[in-house]
Amino acid sequence: MDIAKFSIKNKLFIYILTILSVAYGLIVYEKMGKLQDPEYTIKDAIIVTNYPGATALEVEKEVSNILEEAIQKLSYVKKIVTKNSSGQSLIIVSMKDKYNSKHLPQIWDELRKKIRQASLQLPPRVEKPYINDDFGDVYGILFAVYGDEYSYDELRDYVDFLKKELILIEGVGKVDTFGEQQRALIVEIKNEKLAKLGITKEQIVQELYLKNLVPYFGRVNVGSEFLRVEANGFESIKELENIVIKSTQGKSQILLKDIALIKDSYKEPSSEILYYDGHKSTAIGISTTNGGNVVAMSKLVNEKLKELESKKPLGIKLGVISEQGADVEKAINSFILNLIEAVAIVIIVLLLFMGLRSGLIIGAVLLVTIIASFIFMPPLGIMLERVSLGALIIALGMLVDNAIVVVDGILVRINRGMEAKAAASQVVKQTALPLLAATIIAILAFGSIGLSQDSTGEYTRSLFLVVMISLGLSWITAMSLTPILAVQFLKPVKKKENDEEYSSFIYKIYGSTLKFAINNRYLIVVLAIIIFSLSLLNFKHIKQSFFPDSSRPQILVDFYLPQGSSIEATSEYLNSLTKNIKLINGVEHISTFIGSGSLRFLLTYEPTHPNASYGQMLIDVDDYKKSDKIIKSIETLTKQTYPDINVYGKKFILGPASGGKVQAKIFGKDIDKLREYEQKVYNIFSQSPYSKGVRSDWRNKVKVLKPVISYEKANLNGITKDAIAQAILDTFQGRTIGVYRDGVELLPIILRAPQSEREDIKNIENIQIFSPVANKMIPLKQIISSYETIFEDDIIYKYNRKRAITIHADPIADKLPNDLLFDIKEKVENIQFENGYYIQWHGQYKESRDAQEAIIQSLPFFGILMVLIVIGLFNSIKKTLVIWLTIPFALIGVVIGLLIMDLPFGFMSLLGFLSLSGMLIKNAIVLIDEITIEHEVNKLDLNEAIYNSGLSRLRAVTMAAFTTALGMLPLVTDPFFASMAVVIIFGLVVATMLTMILVPVYYSIFFNAKKLEK
C-alpha cells in the first residue's frame, strides 16, 4: 500500500484527524490523574495476634508457628517475615511478584480463611488475629490538628467533624487518623479500704459489668399497640459513683465512690503519640480514590477547609505534615517545563541543521505525536507522574527519527529534481518497513521493563508503555502527516553552480574518515576493540547504586531508645530534642511520631511497626540541598545529649526500599548462638568509617521482674497464679473490666491502683490479694518468697520461618551503600559460621539484584525478537551480525559519561543502556537499508554503495542521535533520571560516531567489499 499517496490524496481527512487528536489529547491531559511517583502494588498483608502475658519465645512457639504453617500452604506466598514480641505476633506476608492488584482481593480472602481455621488451634487467651490488607494505602494529604488549650477529647470532637465533612469530597477515598488517644473510664481502687471493709475487686468488677449490660425489658400490649419497654442507663459518672457494693463483713453497704476514684481520662500507656512543632496533635490522613487526581483532590480539600474555617474552634490550628497535591503540582510543572525545554532544544537543533522548513515540519509532527500520546495513556492505566513524563522526554529524540528520515529523503530527491509527490511516495515506500522494524526494535529495547513483575518493574513500567505509545504514533505520523507537510512546504534548495551535493566541511571530513576506515578495515576493528577493552577495565571505577535519593525538602530521623523503654520516656526525650532541633538553620517544621511510624504519606515511605521505644521525626527543610548538613547536626546533637539513643537521619529515596540500605541477615536456630554472631557482625559494621545508624532488629535484651511464687503457701490460701497476675496487673498497668456507655461511644473501664501506689515498684509487696480460704485480703508478700530480675529477648524475628537477626546500617552522607558494603562484606563473610548458621545480604544489594534479575530474565526473549525482526527485514544473517556487533561499543560512551559526571551505575542506568541498544539498532537499520538500496536497486558497486550510503544517511542518523541526546539535557539535573540521561547522551553520541564508521567497516568485511580508490 502506498501510504504517502493515500495520505496526500486524503489530506483534508488527515488534517482533521490531526486537529481532533491534538484537541482531544489536550483535554485528556487536563483530566489525567496526577501523582508524584508511579503507583505500584504493595503485595503485603499484616496479621497481628495479641497474646497478653506471653514472652516473645512463647508467642513464637504457640502462635506464630501455627499461623505461619497455615500461611505457607498458600501457593501465592513469596515470603513471610515474623516479628515475635512480648504479647504479640506480627506476621508480614508478601505475595509473589506475578500477582497484581486484580488478584489480591481473592488472595486476601483465602488468607483470611486459612488464618480463621488456624486460629482454632491457638491456645486459650490468644486474641482473634487481625488481618490488615490495606497496608499500602497512601494518604496524599496528612495534616496535624493541634491546640495547646484543648484536651485530646476536645481535639477529637473537631477531628471527627472534619472526617465527616472531608470524606464527602469528590476524589477522597479514605480518611484516617494518627495519634488519637483512647478515652477511658479509670477506676482507681483504694486497696487499704478494700482490706478493711472486706470487699474484693471481683465484687466491684461484677457490679460494674452487670450495671453496664444493655437490659431487655421486652414489649407490652397497650390497646392496638405493641410497645417496647426500656429504662435509662447511667447518664453520668456521678451515677456510676453511687453504685452500692455489699461488704462481706456484716451487712453494710458501701458506695463505689467511698472506695474508688472514678475519672474520665485516657488509656495508658498510649500506643502512639504525635507532636507537631512540639504541640500535642492528632493527624488526619486523606487518600484519593484508586487512580484519582491528588492535585484536584488537594485543591478541593483546601477549599473545603477554608469553607469550614468559621466552624473551627478558636485556638485550634492545622499544620501541614505532607501534602502531595502541592508537591505533585510542583513536580509535574517542573517536568512539563523540562519537556518544553527538551522540545525547544530539539526544534532549534532541527532548524539549525535541517533548515527552516524541514525543522518546522519535523517540530510540528513532534508536537502532534506528544499531544496525541496522552490519549492512549489513561486506558493503559498511566497517570502523569515522574516516570511517565520522564519517559516522554526520553522518547523525544526518538520521536523525530522517523520524521527526519522521511523529510531528509524527500528533500534529497526534490533537490535532485524529482517532483514532490513522487519523492514522498518513493521515500515512504522505501522506508516504511525498515522504519517500522526499527521502531518496533526501539520499543522492544524497553520491553524488559514492561514484563518485570516486581515492585521496581511496576514502579518503572510506565516508561515502557509511554515509549511504546509515543514511538508507535511517531511511525504513523511519519508515514501519513509528514509526507503531506513535506509536499506542501518543502522547496528545492538553490545550489551554486558546480556545487556538489556533499561538499560541506563535515561531509568532507566524514568522507575521508570513512574511506580510510573501509580501506583499513581490520585496523579500525582492532582499534575499536582496544578502546572497548579499556572502557571495560574502567567500568570498575564507576560507583554502584540502586535508586538515587530524592530532592524532596523533607528528611526522616529515626530514634531508638533502648528496647524496653516506655513510650512516656521516648516522648520526653524527643520533645526535649525538638526544642534544640528547631534552632538548627534550615529546619522549618517538625512532625514527631512516637510509638510507630506515620500513616503512609508516600508510596515509597515504609512505616515502622509499633514499638514504644521508637520515635521518628519528619522534618521540613527550606532547601533540600541542606539535608545532609541538617541530618549530621541532628545526629551529633542527639549523641551528645542522649548517648543511649540510636539515631540516624535519611533522605527519601526515589523508588521502592525497606530498612537500612545495607543489611546482613544471620540465620540459625539457637538464640544464644545467633546473638554471638550478631555481636561479631555488629562490631564490623560499627567499625566501618562509612557506616552510621548501625542497629539490630532484635534490639537489646530487656529486664524482666520475675516473682518467685511459693506455690505451697498460695495453695493453702486458695490463691492461683492467675489471681496473683491479676492483682499485679490491677495495681500497676490496669485491667480493662468492661465498657461504659456515655451516649456517644463505648469507653473501656480500666481498674487500677492510685498514682501513689503505682509509681513505686516497692509497693508490689504490699499489694492486697483476696484469700478464699481465709476469707480476707492478705498482702502479696505472704505468698511470694522473692523477686528475680532476668534478661530476655523482647523481639525474635523470623524470615521464611527461620530465625534471623538482621543488622541494618546506612552510609554516611558522602558515601553510597555499595561503598559501605564493599568495606565490610569480606570481613563479615570471613567469620567462621558453624554448620546450620549462615549469612545473607539484603537491603539495596538484594533489592538491586532482584530488580536486575527480573529485567535480565526477559532479556533473551526480547533479544531474540529483535534479532528475528532484523533477519526478517533483511533476510540476511550477515547484515544482522553487522548491526549487533556494533551494540557493545556503546559501553565506551557510557563509561566516559558516568566517570566525567561522577554518577553511579544503578537501576535507571541499566534501563538507559537497554534503551540505548534499541536506538543504535534503529540507526544501524537505516544505514544498512540505504546500502541495500544503493547496491541492489541502484546497482552501484558494493564499496561505492557503502561509501555513498554513509554520506547520504549521515545527516539523518546524526541528527536523530543528537536530537535525542540534546533532548535529554533537562533530565541531567533530575536526581531520578540523571544517570539514565548521562548513559543515553554519552553512549548515543559516542556510539553513533562509531556506528557511522563501524557499520560500513563490518559490512565491508562480511561482504568482502573492495577497497575504495584514493
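Where α28 meets α29, the α28 side brings G863, M866, V867, V870, I871 and F874, and the α29 side answers with I877, K879, T880, I883 and W884. Sorted by class, that contact of α28 with α29 comes to eight nonpolar, two polar and one charged residues. Keep in mind that this is a predicted model.

**α28 and α29**
- Helix α28 covers residues 844-874 and helix α29 covers residues 877-884; their axes come within 8 Å and cross at roughly 130 degrees.
- As for handedness, α28 and α29 make a right-handed crossing.

**α28 and α31**
- Helix α31 (residues 907-937) packs with α28 at an angle of about 5 degrees, and the two axes are 12 Å apart.
- Because angles under 35 degrees count as roughly parallel, α28 gets that label relative to α31.
- On the α28 side, the contact uses A851, Q852, I855, L859, M866, V870, L873 and F874.
- On the α31 side, it's F907, L910, L911, L914, I921, I925, I928, D929 and T932.
- The class tally for α28 with α31 is 14 nonpolar, two polar and one charged residues.
- M866, V870 and F874 of α28 turn up in the contact with α29 and again in the contact with α31.

**The four-stranded sheet**
- This open sheet runs in the order β12-β7-β24-β23, with mixed pairing.
- Its edges are β12 (260-266) and β23 (735-741), each of which pairs on one side only.
- From one strand to the next, the twist averages 30 degrees.
- β7 (residues 183-189) pairs with β12 in the antiparallel sense, over seven bridges.
- Within the sheet, L185 sits opposite D264 of β12.
- Helix α7 (residues 201-211) lies across β7, β23 and β24 (746-752), and runs at about 30 degrees to β23.

**S598 in its loop**
- You'll find S598 in the loop between β17 (587-594) and β18 (614-621).
- Its relative accessibility is 5%, so S598 counts as buried, the cut-off being under 20%.

Methods: Residues numbered from 1 in each chain as written. Predicted model: local features only at pLDDT ≥ 70, side-chain atom pairs only at ≥ 80, totals over all residues. Heavy atoms only, no water. Axes fitted to C-alpha atoms, helices over the stretch in contact; angles between N-to-C directions. Helix = DSSP H or I, 4+ residues; strand = E, 2+ residues; numbered from the N terminus. Left-handed = near helix turned anticlockwise from the far one by under 90°. Contact = heavy atoms within 4.5 Å. Nonpolar A, V, L, I, M, F, W, Y, C, P; charged D, E, K, R; others polar. Parallel < 35°, antiparallel > 145°, perpendicular 65-115°, else oblique. Buried < 20%, exposed > 50% of the residue type's maximum accessible area, 1.4 Å probe, protein only. Pairing = 2+ DSSP bridges.
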